[in-house]
Structures are given as structure tokens and as C-alpha cells.
Amino acid sequence: METNEFREFCRARPDKQNILDVFKGKWICEVPVDSGLSTGGKVHAFEDFRIEWLMDAYGEADGKSILELGPFEGGHAYMLSKLDPSLIISIEANVSCFLKCLCIKEAFDLGNVEFRLGDFNEYLPNCDRRFDLVVASGVLYHSSDPMALLESVCRVSDNLFIWTHYADPDRMQTNPNLKKKFGPLQGGSFRGLDYEFFEQTYQYGVTDEEFCGGTGKTSRWLTKDAIVSALRHFGHKELRYGPDDANHPNGPSTCLFSRRS
Ligand SMILES: C[S@@+](CC[C@H](N)C(=O)[O-])C[C@H]1O[C@@H](n2cnc3c(N)ncnc32)[C@H](O)[C@@H]1O
């Protein structure tokens, strides 16, 4: 990154819309229309049914501490912030996504959200604090070591929300879109737990404007069985299953809420 990418003035009257316009034409997600502001993005991550489902599964969040992994453009942090948690730590590795999150924080006065720039894989293993809730939406299938990630998030919290794509061996071998992205079904072992996964290699990287994947060159997609067994193995035995979309165009996806019991 150049040291001063934004070599320009904003000469308009100071306004919250100016903040969002710093990334004009580069937003993927749109902010709620009743805010009177607009990014021009298309995806409604600021009014996302997955977070509504999570809150139904988890209960009241006021006064709670939340760790969010991979906020992208801050849509879920915005929704969670409105539930009045004491603190949301939200870790984003992609520099332009992180800067967009800061724009959202400033435009919407998200005083209880601390966006942090960095890799959550570097944060979690040495994390010595606990959170009331971890929100891991859209990150498990971007991980090159998803079992280690699940172990870490189960260690730092008794409550975990996951939305993720998962590997379905039948679909991955029959759906041409999926077939071309993945290698064969493989077996792995982590802390005595055997599991199955497919590995995918990213076609694009962080230099691509719309890239929202992981920090590694590859990622492992776990089967749903592997995810559930891992959560139980790491002490999260109470599970609630949310909306599952086996025919999602990018691969089967599911919502899970797990609690230590
Ligand atoms: C697919 S998006 C998910 C966005 C949002 N959480 C959602 O569910 O809609 C994945 C996000 O996680 C970020 N990310 C992926 N791996 C990361 C890592 N190891 N550390 C920090 N951020 C990461 C990406 O840059 C991207 O913003």
C-alpha cells in the first residue's frame, strides 16, 4: 500500500455521507435506507436475517462482550452494536475492508465497536480474555486450518455463532461450478478427531477489488458432520441449527449456534 493513497481534498460541507463517499463505487454492501445515507452497494448485510436468527438463538446482548471475526464492511458490527453490547472487538485483515469499517463506525457512531486491523489467526491462539459471544460469519470456509479455528473460538467463548459454506461430497462432485474449485475429498486428524474436508485454491487474492476471502492461498471446507463433531469435541455440546441452503450457488451453507454445556 502506498503511504498516502488518498491524495485529494474533500471540499464539500462536512457530512456523514462524505465519509461513505471516500469509497464511492467500491462498496459491496448497502447501509439501511432509513439512515438517509447510502454507499451504493447492493448486498443488504446491514439488515441481515442471519444476525436476526443469531439474536433469537442467543438472547439479550446488552452489556455483553462480543468478538467478531472478519467484519468485511461492518454490516454485522452495525447490527450487533445496536443491541447495546458493552464491547465488540471486530478483527479484519483486509486493509481496505478495515478502512471501510472505520468509515461505518464514524458515520454511524458505533462507540462500542473496536475494529482491529490484523489476522485473527494471530490473535486467537494467545488470546487470554473471554467473550460472551463469538460471531464467526463467513470465515470458517476461508480458513486453511478450520479445526484450529473452531478450537480457538470454543476456548474464548461459551457461545458461538457460525454461518459458513460446508462441503457436501455429492454436490461437490456433481455441481460443475463447485467441482472445478476443489480437489478430492480428504481426511485429516486434529487433536484425536478424524474429519473430512475439501481443499480449494483461491483464484483471486487481496489485490482484487471485491476479494473477501482468507489470508492463506488455500482454504479447507469441512463437511457439516466435521463441524458439528468438532464443536462437541471442543465442549460446545448444545447446538441449534439455523437456516440451511443446500443449493446456495457458491456451495451449501448453514447457520449454527453452539453453547458450552
Ligand atoms: C466472506 S467475508 C464475511 C463477511 C461477514 N462476516 C459476513 O458474514 O457477511 C470474510 C471476511 O473475513 C475477513 N477475513 C478472512 N480471513 C481473515 C483472517 N484470518 N483475519 C481477519 N480477517 C479475515 C475477510 O477479509 C472478509 O472481510
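Biologist: How do E7 and E8 pair, parallel or antiparallel?

Modeller: In general, strands of a sheet pair through backbone hydrogen bonds, either parallel or antiparallel. Here E7 and E8 pair in the antiparallel sense over five bridges; two strands count as paired if DSSP finds at least two bridges between them. Thr 201 has Thr 218 in E8 as its bridge partner. Helices (H or I, at least four residues) and strands (E, at least two) are DSSP runs, numbered from the N terminus. This is a predicted model, in which local features need pLDDT of at least 70 and side-chain atom pairs count only at pLDDT 80 or more, while totals for chains, interfaces and linings use all residues. Residues are numbered from 1 along each chain as its sequence is written, and side-chain values use heavy atoms, with hydrogens and water left out.

Biologist: What do E6 and E7 form?

Modeller: They form a hairpin with two residues between them, and Arg 191 in the turn has a positive phi of about 45°. Strand E6 (residues 186-190) pairs with E7 in the antiparallel sense over five bridges, and Gly 188 is partnered by Tyr 195 in E7.

Biologist: In what order do the strands of the open sheet run?

Modeller: Its seven strands run E3-E2-E1-E4-E5-E10-E9, with mixed pairing. E3 (113-117) and E9 (238-245) stand at the edges with a single partner strand each, so one side of each has no neighbour in the sheet. From one strand to the next, the twist averages 15°; angles run from 0 to 180 degrees between N-to-C directions, and axes are lines fitted to C-alpha atoms, for helices over the stretch in contact.

Biologist: Which strands does helix H9 touch as it packs on the sheet?

Modeller: H9 (residues 224-233) touches E5, E9 and E10, and its direction makes about 160° with that of E9; contact means heavy atoms within 4.5 Å.

Biologist: Which residues of H9 are buried?

Modeller: An α-helix has 3.6 residues a turn, so residues three or four places apart point the same way. In H9 the buried residues are Ala 226, Ile 227, Val 228, Ala 230 and Leu 231, where buried means under 20% relative accessible area (1.4 Å probe, protein chains only). Their cover includes helix H6 (146-156) and strand E7 (193-201). Just after H9, Gly 235 takes a positive phi of about 95°.

Terms used: Buried < 20%, exposed > 50% of the residue type's maximum accessible area, 1.4 Å probe, protein only.
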